[in-house]
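Reader: I would like a close look at a single part of this model, namely the aromatic rings and what surrounds them. Please take me through that part carefully, and then through the backbone details that go with the rest of the chain.

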Amino acid sequence: MIIKTKQLELQTKGKKITYFNITKDVEKFVEENNVKTGIVTVQSEQTSCSVFFEEMVHDFDIKGDEYLQVDLNKGLEKIYPNQESDGVYYRYPGPAHLKRASTNELFIADPGIALNGPAHLKATMLGASQTFVIEEGEIKKGRCGDIYFVDFDYCRSRSRKVHMCVIGE
């Protein structure tokens with residue numbers, strides 16, 4: 001039985017929701033560990049990020065964003081609109097959270113970074129992880145499926161972590 005873990009570090013763009021197609025990274029991880037039968041789990045450790053499974057895309061808008069991602073953003077924004085100021089549409093961040101954040105250098109420089117309530121709610125809806133079956137050394141994701149990591153927090157750019165764990169033989 002093999003149990004291996006690996007971490008990916010991804011740099012978000014800031015000022016926009018950032019998507020990463022991590023399919024090749026996950027496939028390489030499974031291949032490097034020579035797992036023929038088992039499972040691989042892919043998980044975010046950040047609460048404003050999600051890991052999800054979706055059809056591969058061939059079309060991109062003028063900004064370089066995949067059409068399905070643009071559509072997903074539009075749909076989720078109808079449910080959770082962007083947060084422009086505190087106390088208007090969302091209760092988060094509340095006074096206790098803001099008091100705690102007030103000692104953070106990044107918050108002092110830009111208090112707007114605390115306006116990420118919708119990012120947390122969107123990530124909650126999609127979930128932080130996905131688990132895939134491995135058979136004959138291949139991740140069972142179909143012919144057209146890809147694995148994505150998304151950071152819904154558009155308030156600033158930063159480094160994000162994705163964890164992978166493969167279990168099998």
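Author: Ring pairs link Tyr19, Phe52 and Tyr148 into a cluster, where rings of Phe, Tyr and Trp (its six-membered ring) pair if their centres lie within 6.5 Å, and planes under 30 degrees apart count as stacked, over 60 as edge-to-face and the rest as tilted. Before going further, please keep in mind that this is a predicted model, in which local features need pLDDT of at least 70 and side-chain atom pairs count only at pLDDT 80 or more, while totals for chains, interfaces and linings use all residues. Residues are numbered from 1 along each chain as its sequence is written, and side-chain values use heavy atoms, with hydrogens and water left out.

Gln69 belongs to helix H2, which covers residues 67-79; helices (H or I, at least four residues) and strands (E, at least two) are DSSP runs, numbered from the N terminus. Although Gln69 and Tyr19 are 50 residues apart along the chain, their C-alpha atoms are separated by 7.8 Å. With a relative accessible area of 5%, Gln69 is buried, a word that stands for under 20% relative accessible area, whereas exposed stands for over 50% and partly exposed for values in between (1.4 Å probe, protein chains only).

The structure holds five aromatic pairs. One of them joins Phe20 and Phe149, which form a tilted pair at 6.1 Å centre to centre with 45 degrees between the planes. Because Phe20 lies in strand S2 (residues 18-21) and Phe149 in strand S7 (residues 145-151), this pair ties together parts that are 129 residues apart in sequence. Phe20 and Phe149 are both buried.

Phe53 and Phe132 have ring centres 5.3 Å apart and planes at 70 degrees, so their pair is edge-to-face. Phe53 lies in strand S4 (residues 49-55) and Phe132 in strand S5, so here the parts tied together are 79 residues apart in sequence. Phe53 is partly exposed at 38% relative accessibility, whereas Phe132, at 4%, is buried.

Turning to helix H1, its buried residues are Thr23, Val26, Phe29 and Val30. Seen down the axis of H1, these buried residues fall within an arc of 135 degrees, so they line one face of the helix; the arc is that of the directions from the helix axis to the C-beta atoms. Lys24 and Glu31 are exposed on the other side of H1.

Just after H1 comes Asn34, with a positive phi of about 55 degrees, although Asn34 is not a glycine. Asn34 sits in the loop between helix H1 (23-32) and strand S3 (38-44), and it is partly exposed, with a relative accessible area of 47%. Glu136 is another residue other than glycine with a positive phi, here near 50 degrees; its place is in the loop between strand S5 (129-135) and strand S6 (138-139), and at 76% relative accessibility Glu136 counts as exposed.

Finally, the peptide bond from Tyr92 to Pro93 is cis, with omega near 0 degrees, and Pro93 is found in the loop between H2 and helix H3 (95-101).
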